[in-house]
Amino acid sequence: MLAVVGGLTACNADMDFDIADPVLSAPEGDFVTASLQGDDYVLSWSATPGIMMQVTRYANGAKAGSEIVSTNTYIHHDVDTNVPYMYILKVTD
C-alpha cells in the first residue's frame, strides 16, 4: 500500500502547470456606485465595450431575479421598504 501511495505522489510531483494571468482583473472597491433615485435603486459601473454584466438580485435571502445588462447601469424599479436586498454582479460576454 505504501508503494502505491508513494508512486502516486511521485507522479504528481513531476507535473508542472503554468499559471495564467486572469483575463479580467478584480474590480476595485469603487467599481460600482449605487444610489436611490425616487423609488428606484440604480447601480452603475464603468463601461467596457463588448462586456456585459449579469446582475442577480436577492430579496430576504431568496433569489428574486437575474438579468444580463449590456449598458453600464442596472435599475431596480419600485424598491420595497424594510426588505434586505443583495445584488451580485458578474462580468460576462
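User: Two strands pair if DSSP finds at least two bridges between them. In the open sheet that contains S2, what is the order of the three strands?

Analyst: The model is predicted: local features need pLDDT of at least 70 and side-chain atom pairs pLDDT 80 or more, while totals for chains, interfaces and linings use all residues. Residues are numbered from 1 along each chain as its sequence is written, and side-chain values use heavy atoms, leaving out hydrogens and water. The pairing in this sheet is antiparallel, and the order is S1-S2-S5.

User: Which are the edge strands there?

Analyst: An edge strand pairs on one side only, and this holds for two strands of the sheet. They are strand S1, residues 32-37, and strand S5, residues 73-76; by name, S1 and S5.

User: How many bridges connect S2 and S5, and which residue in S5 is the bridge partner of Ser-44?

Analyst: S2 and S5 pair in the antiparallel sense. Their pairing extends over four bridges, and in S5 the partner of Ser-44 is Thr-73.

User: How do the elements of the protein chain run from the N terminus on?

Analyst: Helices (H or I, at least four residues) and strands (E, at least two) are DSSP runs, numbered from the N terminus. The chain holds one helix and six strands. Read from the N terminus, its elements run α-β-β-β-β-β-β.

User: Which residue in the hairpin of S3 and S4 takes a positive phi?

Analyst: Across the two strands, Tyr-58 stands opposite Lys-63 in S4. The hairpin has two residues between the strands, and a positive phi near 55° is taken by Asn-60.

User: Which residues make up the largest nonpolar core?

Analyst: Such a core is a set of buried Ala, Val, Leu, Ile, Met, Phe, Trp, Tyr and Cys residues joined through side-chain atoms within 4.5 Å. Here the largest has seven residues: Leu-43, Trp-45, Met-53, Val-55, Val-69, Tyr-74 and Tyr-87.

User: Which strands each supply at least two residues of this core?

Analyst: Two strands qualify, one covering residues 40-45 and the other 52-59. In that order, they are S2 and S3.

User: Is Tyr-74 buried or exposed?

Analyst: Tyr-74 lies in strand S5 and touches, meaning heavy atoms within 4.5 Å, residues that include Leu-43, Trp-45, Val-55, Val-69 and Tyr-87. Buried means under 20% relative accessible area, exposed over 50%, and partly exposed in between (1.4 Å probe, protein chains only). Because its relative accessible area is 5%, Tyr-74 is buried.

User: What is the length of the polar contact that joins the side chains of Tyr-74 and Arg-57?

Analyst: A polar contact is a pair of N or O atoms within 3.5 Å; within protein, one must be able to donate a hydrogen and the other to accept it, and residues adjacent in sequence count only if both atoms are side-chain atoms. Arg-57 is among the residues that Tyr-74 touches. The polar contact between their side chains is 2.8 Å.

User: With which side chain does His-76 make a polar contact of 2.7 Å?

Analyst: His-76 also has its place in strand S5, and it is buried because its relative accessible area is 6%. The residues it touches include Asp-39, Asp-40, Tyr-41, Arg-57, Tyr-85 and Tyr-87. The 2.7 Å polar contact joins its side chain to that of Tyr-87.

User: What is the relative accessibility of Asn-82?

Analyst: Asn-82 is found in the loop between S5 and S6, and its phi is positive, near 60°. Asp-78 is found in the loop between S5 and S6, with a positive phi near 50°, and it is exposed because its relative accessible area is 55%. Asn-82 counts as exposed because its relative accessibility is 81%.

Key
Lists of a residue's contacts leave out its neighbours within four places in sequence.
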